[in-house]
Amino acid sequence: MKTAPALAAALVLSVSAAPSVSASASATAAADPLDRLRHQALAWGPCQEPQLAAAGAECARLTVPLDYREPTGRTLAVSRIRAADPAKRRGILQANPGGPGNRGLDMPTALQAQMAPQTAAAYDLIGMDTRGVGASGGLDCGLNRGSWLRSVGSDRAGFRQAWRLAEADADACRNKYPELLPHLTTRNAARDIDLLRAALGEQRTSFFGQSYGALLGAVYAQLFPQHVDRLVLDSALDPARYGIGAFQDMSAANERALDDFAAWAAPRDAQYGLGATPAAVRAGVEGLVRRAQAAPIAVDGFRLDGYLLPFLLTVCQSDDRDSADYADILRQLLDAADGKPVQASPALHELLTAVLTPGPDAGADLAAAIGILCDDVAMPRSQRWYREAVERSRPAQPVFGPVFNGPTPYASWRPAPREPFVEVRNAVPALQIQSTGDTHAPYQGALALHGRLSASRLLTVPGRIHAVYLNGYRNCAQQAVDTYLLTGALPPADTTC
C-alpha cells in the first residue's frame, strides 16, 4: 500500500546567473522580452537526486519570469534522460506527476521504468519541479501537516478546529511570500513548459500528465496548441470543477469506493470479521469513525482520532488491488478500539506515520498545493457556506462528506486570482485514460474534459485506481500509451479495456 498522498493534496524561485543569449535573440529582445529566455543555453550537468543520477540523467536550471508581464529571471529545476537511440529520436516528452505541488524532477525515471523500451528510447524524457515546488524554490511556510483534509466531525468544536487549522496554513504562507504567491498559477506553469520547449530548441513537445498534471497538459494545449505533438492525459480533472467542486466530487467518489470495498469484504467475513453483509461492513466503518471521535484509537504508539481517520481511509481505498491490506488495517483498528493488543502491520505503520507525523517535505508540498490552488481559482469564503455544505453531504456521504466539504485554506485567502483560470475547449488530439472508480479524479470529470477536447480519445479502464499508467494497472492502458507515443496513432474511437 502506498503512502498518503497530498490530495489536493511546496514559491521562492532561486535566482541564477543570466542565461547566455544568441546574437539574434539580443536583436529582438526589445520587441519581445521573452525571446532572450527562449534562446537561453541550459547548462546541463550531473543530477544530485540519487534516482536521476543512477539513471544517467542530467539536470539544469531554466530561467523563467516570475511575472510574465514583467519578465525578470528566476530559475526552475529541470531534468533530462536523453533518447537511447539518437537515430530514432522523435522529440521531447515533458511530464508532470500531479498534485498540484507534487515534485516532477524525477518523472523521467518513472516513465523510463514503465515504458516499453522502444517508446522510451524515442524521446528525451524531461522532468521539472514546477514553480514553487521542490528544487524550484519550494515554499517553506513551516507547515507540519501533509494535507489540510480532515473531517469536521459531528459537532461545532470539530468544525471550528478545522477552520482554525486551514486559516493558519493559509496565513503562514501568505504572510511570508506576499510578492511571490500570486504567480504560482497553472497558467504560468504552462508558460514555463513552453519556455522550456523553446530553450530545448524544439518546435513541438509531447506531454504526459497525470491527475492535476493532466489538467496542466490540457491547459498547455489550450494556450499553445501549435506546439503540441502527442498528449497523454491520465486520470484527469474536469477544468470546470477545479477547486471546491473537485473536492466535493472526491467526496462522492470515496463514498462509492467504501461501498465497493464493503461488497468485497462481506464474502470474506470469516477471514477479516468486518461483517457478513455490505451493510454490516459499512456500519462497522461508520461506527469506528464515531468511536475514534469520542476517544482516539491508541495503536502503534499513535493516537488516531475521528477527524483524521476518514482521511486515512481515503488512502486505503484509492487502489482496489489493496483491498486485502485495507481489510487488515480495519481489523487492526477495530481491535485497538476494543482495547485489544495490536501489533501494527507494516502497511498500517506506514499510513499512521504519513498521516500523523509527516516530514518537512510533506509540509513543503502542502504549501505548494495551497499556493497553486489559491492563486488559480477563487473559492467560498464564509464559514456558513462550509457548514451548510457539510450538513447537506452527511445523509449520502456520512464518512467522507465532512472531509471534502469542510474548511479549506482558500476560504481565507487574499487577494483574488490575478488571471481567470484557462477555459479548456479545443481540437488538439489527445489520449485520455481514466478508471471508472477513481477516487481522486472521478470518472465524470474525465467525461467532461473529453467533451471539451473534441479530437481526444478516451480509454476507459474498469476498476478503482488513480494514475493508471505509472501504477501499471492494466496492460491495455500500457499498450495504448506506448503505441500512441511511438506511432502517433490514436484509437479510432473511444474504447474500454
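# Questions on a predicted model

Me: In which helix is the place of Arg256?
Reply: The model is a predicted one. Residues 244-265 form a helix, and Arg256 has its place there. The name of that helix is α9.

Me: Is Arg256 buried, partly exposed or exposed?
Reply: The relative accessible area of Arg256 is 42%. Buried would need a value under 20%, and exposed a value over 50%. The value for Arg256 lies in between, so this residue counts as partly exposed.

Me: How far is Arg256 from Asp438 in space, C-alpha to C-alpha?
Reply: In sequence, Arg256 and Asp438 are 182 residues apart. In space, the distance from C-alpha to C-alpha is 10.0 Å.

Me: How confident is the predictor, as a mean pLDDT of the chain?
Reply: A pLDDT of 70 or more is reached by 94% of the residues. Residues 3-29 have a pLDDT below 50, and this stretch has 82 contacts in the model beyond near neighbours in sequence. For the chain, the mean pLDDT is 91.

Me: Where is Gln317 found?
Reply: Gln317 is in a loop, with a helix named on either side. The loop runs between α12 and α13.

Me: Is Gln317 buried or exposed?
Reply: The relative accessible area of Gln317 is 0%. A residue under 20% meets the cut-off for buried. Gln317 is therefore buried.

Me: Which residues does Asp320 touch beyond four places in sequence?
Reply: Asp320 has its place in the loop between α12 (309-316) and α13 (323-337). Its relative accessible area is 25%, which makes Asp320 partly exposed. Gly437 is 117 residues from Asp320 in sequence and 8.9 Å from it in space, C-alpha to C-alpha. The residues that Asp320 touches are Gly463, Arg464 and Tyr473.

Me: How many residues does the largest nonpolar core have?
Reply: The residues with the most contacts inside this core are Trp148, Tyr242, Phe261, Leu274, Leu312 and Leu313. One of them, Leu313, touches Val285, Val289, Tyr326, Leu330, Val399 and Phe400, not counting residues up to four places away in sequence. A second, separate core of 32 residues includes Ala57, Phe208, Val232 and Val461. The number of residues in the largest nonpolar core is 102.

Me: Which helix gives the most to the lining of the second largest pocket?
Reply: The space in this pocket is about 220 Å³. Its lining includes Glu286, Val289, Arg290 and Gln293, and the lining residues divide into 4 nonpolar, 5 polar and 3 charged. With 4 residues, the helix that gives the most is the one at residues 278-294, α11.

Me: What is the omega of the peptide bond from Gly99 to Pro100?
Reply: Pro100 has its place in the loop between β4 (91-96) and α4 (107-114). The bond from Gly99 to Pro100 is cis. Its omega is near 5°.

Me: Is Ala467 buried or exposed?
Reply: Ala467 is found in the loop between β11 (456-461) and α19 (475-487). Its phi is near 65°, a positive value in a residue other than glycine. With a relative accessible area of 7%, which is under 20%, Ala467 is buried.

Me: What is the phi of Asp300?
Reply: Asp300 is found in the loop between β8 (297-299) and β9 (302-304). At a relative accessible area of 30%, Asp300 is partly exposed. Its phi is positive, in a residue other than glycine, and lies near 60°.

Definitions and conventions:
Residues numbered from 1 in each chain as written. Predicted model: local features only at pLDDT ≥ 70, side-chain atom pairs only at ≥ 80, totals over all residues. Heavy atoms only, no water. Core = buried A, V, L, I, M, F, W, Y, C linked by side-chain atoms within 4.5 Å. Buried < 20%, exposed > 50% of the residue type's maximum accessible area, 1.4 Å probe, protein only. Contact = heavy atoms within 4.5 Å. pLDDT = per-residue confidence, 0-100. 1 Å grid on protein atoms, 1.4 Å probe; cavity = no way out; pocket = protein on both sides within 12 Å on 5 of 7 lines; lining within 4 Å. Points joined across faces, edges and corners; volume = space filled by probe spheres on them. Helix = DSSP H or I, 4+ residues; strand = E, 2+ residues; numbered from the N terminus. Nonpolar A, V, L, I, M, F, W, Y, C, P; charged D, E, K, R; others polar.
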